[in-house]
Every structure is written in structure tokens, then in C-alpha cells.
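Hi everyone, thanks for coming. Let me put the structure up on the screen, and then we can walk through it together.

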Amino acid sequence: MLSISKRSAVEPFHAMDILAEATRRRQAGQPVISMAVGQPGHPAPKAALAAAQTALVAGRIGYTDALGLAALRQGLADDYRDRHGIDVDAGRIMITTGSSAGFNLAFLSLFDVGDAVAIARPGYPAYRSILSALGLIVIEVPVSAETGYTLTPESLEQAQSAAGVRLKGVLLASPANPTGTVTSAAQLKAVYDYCEGHDIALISDEIYHGLTYDAEEASALTIGKQAVVINSFSKYYCMTGWRIGWMVLPEELVRPIECVAQSLYISAPELSQIAAIAALGATEELEHYKQSCRANRDFLMRRLPELGLPLLSPMDGAFYAYVDATRYTNDSMAFAKRMLAEIDVAATPGMDFDPVDGHLALRLSYAGTMAEMVEATDRLAAWLR
């Protein structure tokens, strides 16, 4: 019998397990509404689909440079300039197989086994699992109204002091999953300056950029060139299944990360890169989807508290509602499984995001249609009564 490595002993990603069960139920004919994962309810942009179709007909899809197609890297640089007013050298941009590959590459290139990296709690569970699998020490820093639902220099200082370690890295997401928190430019600069002053690598997860509603959306790129910025076409660009993302790197990291990527991934899929180039020009279509997300958000901000599911954090960005389920349960895992089995509504238990207090919380994705939001909450209302 094969022995299993200790590094593979990570917690399951419960959102994906719930999604798998929801898919089985849907395939069996059940009227499932999935609010479990961040899957946009809009297809990839029309221009991206057309570009991919043209490339498939031509049939000349193959490897690219590990850094990605020059046209896509330049297109992203132009997009930063035109849409965000940020000057980014295309030579600092690397195309990745989704943001997940970007995190792998950043962690492998920045940290050694035993290094300590801070993340927010609640936060995206894959951070914790990937870091643990790579032999790194994960320092989970609680965020709350007191910290503005984001990391702060003070909370980082307290966390590393309590853990008795020296931080080598900080990973900050804005907008954040599951809280929807948008870290302001001033808050982000405070963390950036703290990391730079203490020789700590800062990784800025910006994959939900574009999906900010009433808050100020800031990129670490506006502050300095030493942060590693990770982004993706999955969310705002509605291209989850295309597995295409990018990194913006400090100049000294480009070649080391390129070398690691050459062995791990060869290159991101060329077909997805071709589609992504076209997607960069689909702003009007994508802004329409953003407005549908805003409408879903506004609806759920009113409706969920009416159902006895008050918000645990502001819904400033992304497309998630993180709610307090204590009126109905102290076991959100069992609650989510019952909800799917009994009313065919899928949500993610908070244990994915917070191993301490997550048993009291649920995350609901509002990336789908308004009709789905209305139907799901109507089912919830009847069930919870």
C-alpha cells in the first residue's frame, strides 16, 4: 500500500465538495441553485469566444514562452495604463495557468520550508492549504470591524509576536474572499510600507479587481514595485474554466519565477491566452455583468438579514455574502449539507474560510442571475420557517 506524504494532508476545499454534490443532483434532474462557488453567471466575452474559435479553426495551438504571449503581456500593460492610470512594464508581467499557478510560483520562489506567511482569517482556504503543503508556517490573522476587515501593521505585529516567529511573507486580498472587503489605498500603503520596512514579501491578490461597488479599489502597483501582484481572468472577465491569470513581478523576480514555471507548467494554454487578449477589449460587456452583480448584492444586503442571516462583513466587492448562521445552527457544515439535500440550494460552510469561527458562518455567492437570487432566497425563507 502506498504511503501518503504529510504535505498532502490538507483540509478539503469544502466549496468544491459542495459543488460536486450540487452537480450530481443537477445531473439527476434536481432544480439546484448553486451559490457555493465564485462562478460568474455570464459567459466569457463574445470577443474572447470568437478569437478562440478562429484559433481552433486555424489549428495552430501549441506552447508559448513560459512568460506568455508578448501580445497578451503588452495588452495587460496597456490596460493598466488606460483603465487604472498605472505604468507597468510588460517585461514584469507573466501569464499563468490561472491565479492558482501564480500563488504556487510566488510561494516557491519567495519562501523556504519553515518560513512564516500571514493571511487573513477568514480568508480563501487554498492559501492555507498550498502554504501548508509547501512546508510553510501559516499565521492566520483575525480580521474584524476593529481592523476594517483587513490586515493592518498592528494586527500583523501582534500575530507574529503571539506566534513567536518572524514573518517572511504577507498575503493580502482586496476585494477579499469570503468577506467582500476592499482594502483602501491608505490601508494598503500602510501594509506595503510595513512589509518593505521589515524585509517581508507582500503578495497582493487582486483577482476580484473590477468587481468593486461603492468602495475605493486600489492596486499595490500604485504604491511601489516590490509587491507581487496576482490577478486572473476568472472573475471580472468571466473566464473561470479557461484557467488563465497573470502576475506582475518585481524585476529581480521575473527570471527566477520564469525558471520555476518552465518546469512546473511549460506555459499557460495558448488558446486561453488568445481569448484573453480579445477579452481585454470587452469592457462594455463586462461592465454590464458587473452591474448585474451589484443588483444581486443590493438585493441580498436587504434580503439575507430579513431571513435571520445577518452580514458578518461589508459587501464592498467580489460577489460573496458572508453571513452569521447562529440563529439556526452551530454547525454550518451540516447546515449546508441539509440545505442542499432539502431545498437544492448550495452554499459554502464557513469552515472553509475560518477554522476557528467558521462553524457559525456561511458564504453565499451572488455571481449568478437575479432570478436565481430571488428563487434561492424564497426557498430559504420557506425552509427556515
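Let's begin on the inside. The largest nonpolar core has 96 residues, and the members that touch the most others in it are Leu156, Val170, Phe233, Tyr237, Met239, Trp246 and Phe319. By nonpolar core I mean a set of buried Ala, Val, Leu, Ile, Met, Phe, Trp, Tyr and Cys residues joined through side-chain atoms within 4.5 Å. Buried stands for under 20% relative accessible area, exposed for over 50%, and partly exposed for anything in between, using a 1.4 Å probe and protein chains only. Apart from that core lies another one, of 27 residues, including Phe111, Leu131, Val228 and Ile230.

A word on what you are looking at. This is a predicted model, where local features need pLDDT of at least 70 and side-chain atom pairs count only at pLDDT 80 or more, while totals for chains, interfaces and linings use all residues. Residues are numbered from 1 along each chain as its sequence is written, and side-chain values use heavy atoms, with hydrogens and water left out.

Back to Leu156: which residues does Leu156 touch, not counting those up to four places away in sequence? They are Ala118, Val141, Leu151, Leu167, Val170, Val191 and Tyr194, where contact means heavy atoms within 4.5 Å.

Next, please find strand S2, residues 93-96. Strands here are DSSP runs of E with at least two residues, helices are runs of H or I with at least four, and both are numbered from the N terminus. S2 is covered on both faces, with Ile93 and Ile95 buried on one side and Met94 and Thr96 buried on the other. S2 pairs with strand S8, residues 245-248, in the antiparallel sense over four bridges; to pair, two strands need at least two bridges found by DSSP.

Now over to Ser204, in strand S6, residues 201-205. Is Ser204 buried or exposed? Ser204 counts as buried because its relative accessibility is 3%. Beyond its neighbours within four places in sequence, Ser204 is in contact with Leu172, Ala220, Val228, Val229 and Ile230. Val228 and Ile230 are members of the 27-residue core.

Finally, the charged pairs. Side chains of opposite charge can pair when their charged atoms come close. How many salt bridges does the structure hold? There are 17, each a side-chain nitrogen of Lys or Arg within 4 Å of a carboxyl oxygen of Asp or Glu.

Look at Arg121, whose side chain meets that of Asp354 in a salt bridge at 3.0 Å, N to O. This pair links distant parts of the chain, 233 residues apart: Arg121 is in strand S3, and Asp354 is in the loop between strands S11 and S12. Arg121 is buried at 13%, and Asp354 is buried at 4%. Arg121 also forms a salt bridge with Asp357, with the closest N and O atoms 3.4 Å apart. Asp357 sits in the loop between S11 and S12, 236 residues from Arg121, and is partly exposed at 39%.

That's my tour, so please ask away!
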